[in-house]
Amino acid sequence: MSHGSIIKVPFGPQHPALKEPENFLFEVDGEIVVDVKPRLGYNHRGIEKAFELRTYIQNIYLAERICGICSDAHTTCYTQAIEELLNVELPPRARYIRVIIAELERIHSHALWVGIAAHEIGFDTLFMYVWRDRETVLDLFEMISGNRIHYAMNTIGGVRRDIHAAMVPKIIKGLDFLEERLKYYLRIVQTEQTILKRTVGVGILKPKDAVNLCAVGPTLRASGIKNDVRSDDPYAAYDEIPFNVITHSGCDILSRTLVRCEEMLESIKIIRYALDSMPEGIIRVQVPKKVPQGEVVSRVEAPRGELIHYAKSNGTTKPERYKVRSPTLANIPALCKMLLGGYVADIPIVLAGIDPCFACMDRMAFVDIKQNKKWVWTMQQLRRKYAKE
Amino acid sequence: MEKENEIVEKLKDFLKENLVNVTIPKKRRIFVYIKKDALEEAMEYFVKDLKFKHLSTITGVDLGEEIEVIYHLSYKGSIMLSARLAVSKKNPNIPTITDLIPGAVLYEREVHDLLGVDFERHPDLSPLMLPEKWPKGVYPLRKEYQLKHLREITSEK
């Protein structure tokens with residue numbers, strides 16, 4: 001219903017969807033969104049500049065910290081870029097371990113998303129259950145790497161930790177539990193009215209728009225377009241592992257949910273296959289510290305879609321230029337399209353629908369101005385601060 | 001590599017003297033260097049004729065006197081074509097490609113913010129990544145701005 005006058009409504013920067021900062025300025029006519037202007041950058045940390053000032057080894061840890069959810073996707077993309085510049089062949093076992101970690105990460109990231117999406121539509125029971133089960137993956141990560149989120153598994157020339165034979169039965173047990181739960185959640189998503197009423201026909205992104213606006217990942221695949229870096233431009237051991245690229249053609253939030261739910265089940269199959277056929281041998285090779293002059297484009301299918309890094313080296317121990325484009329940035333134009341013509345009440349779930357990760361997206365320029373002084377804290381000051389809290 | 005070679009041959013035929021050089025560093029990767037003035041017709045050819053429909057991102061690189069702008073396009077999500085050109089820092093103007101690829105809108109703004117390339121006819125080049133009060137003409141990813149300059153700017157109230 002039109003009220004004949006347009007009202008501007010700011011949304012954010014405090015937590016418009018996930019617990020991360022982002023600002024959207026909406027123009028609404030009654031209940032209908034007629035214009036959207038995104039404003040990014042609240043999470044700028046100057047990471048691209050920081051890459052130029054650090055050595056290739058230090059940059060592994062910097063890449064890990066671009067994002068707190070898909071940390072492994074960023075280091076995979078970074079290390080394979082530098083390996084290509086160095087012309088290093090990865091040991092076969094390391095390639096399989098990278099796949100296993102990447103798929104475990106996809107499960108935990110998608111599970112996190114399903115929880116958030118459920119929360120956005122007021123279905124908090126599902127949110128609690130999914131997040132409880134997600135702990136299984138985090139426990140597996142802790143067993144393999146010692147950490148729940150920043151696993152720090154990748155290094156230039158391989159991986160830092162092996163998956164020992166004793167771990168395999170535990171991983172399989174965790175996957176069996178997850179598979180049963182995820183099948184149950186998939187059934188709920190397909191049949192439960194609480195979900196269907198809020199997701200069917202909401203946040204429409206037509207295939208043509210998805211292509212023109214260069215959408216990526218589950219957002220693109222939920223508009224029926226079969227693009228996945230793992231199968232189109234295989235890296236690690238994906239060219240040796242059979243798997244399906246999941247697509248749905250509903251173009252709405254329900255399709256995006258189904259794509260992610262089914263991808264988790266697909267990830268379980270990939271991990272089982274990889275554990276089964278993982279070759280024996282070394283897990284990393286030694287690499288030189290200086291990287292010869294060159295440039296490379298490296299791509300990975302992160303949980304949120306195509307992740308692309310560009311590296312240019314100048315023959316020293318530090319890169320000349322390092323560029324990161326995370327999948328969330330690629331999906332922002334598509335997101336604005338989805339919101340247009342929709343209801344104000346659907347904004348949160350549509351926003352959450354692309355699974356935005358603002359920390360990833362806002363990596364480059366400079367800092368949070370007001371927080372600037374805190375940035376140059378010493379370790380000692382940091383310890384004191386956290387000891388008090 | 002058959003498909004890659006085929007694309008390179010087509011590029012050579014179409015671009016002629018506007019092509020500076022082209023390389024295939026590995027499977028599914030093509031780098032092509034074009035002349036600045038040929039940008040619009042080259043992009044139209046890549047997107048419409050060669051079906052490089054997906055723009056992954058635009059990278060800006062500071063070369064000293066010039067800024068290199070690289071368009072990372074992909075064909076069916078698989079073959080990456082990185083088309084590049086150089087603009088002088090004194091006059092960093094190139095036409096926008098947003099009318100051809102609407103998805104380029106934020107990538108162009110990002111390069112504008114951080115490296116100061118002006119995309120002519122772009123619908124909105126207001127700051128995207130940098131704060132509102134960021135001084136005009138300071139482009140943090142240019143090499144002449146060192147960390148200490150940027151720290152001075154961010155600590156000013």
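1. Burial of H3(A). In this predicted model, 14 of the 16 residues of H3(A) are buried, so the helix is largely enclosed by the rest of the structure. A residue counts as buried here if 20 or more other C-beta atoms lie within 10 Å of its own.

2. Length check. H3 of chain A covers residues 71-86. At 1.5 Å a residue, its 16 residues should span 22 Å. The end C-alpha atoms are 23 Å apart, which agrees.

3. Packing against H4(A). The partner helix, H4 of chain A, runs over residues 92-120. The two axes come within 9 Å and cross at roughly 145 degrees. The crossing of H3(A) and H4(A) is left-handed.

4. Residues at that crossing. H3(A) brings A:Asp72, A:Ala73 and A:Thr76. H4(A) meets them with A:Arg98, A:Ile101, A:Ala102 and A:Glu105. By class, this contact has three nonpolar, one polar and three charged residues. On spacing: an α-helix has 3.6 residues a turn, so residues three or four places apart point the same way.

5. The A/B interface. Here 31 residues of chain B are in contact with 32 residues of chain A. On the chain B side, the elements giving two or more residues are strands E3 (54-62) and E5 (79-88) and helices H3 (105-115) and H4 (147-155). E3(B) supplies the largest share, six residues.

6. The side of chain B that touches chain A has 16 nonpolar, eleven polar and four charged residues.

Methods. Residues numbered from 1 in each chain as written. Chains lettered and ligands numbered in written order. Predicted model: local features only at pLDDT ≥ 70, side-chain atom pairs only at ≥ 80, totals over all residues. Helix = DSSP H or I, 4+ residues; strand = E, 2+ residues; numbered from the N terminus. Expected span 1.5 Å × (residues − 1). Buried ≥ 20, exposed ≤ 12 C-beta atoms within 10 Å, placed from the backbone. Axes fitted to C-alpha atoms, helices over the stretch in contact; angles between N-to-C directions. Left-handed = near helix turned anticlockwise from the far one by under 90°. Contact = placed C-beta atoms within 7 Å. Nonpolar A, V, L, I, M, F, W, Y, C, P; charged D, E, K, R; others polar.
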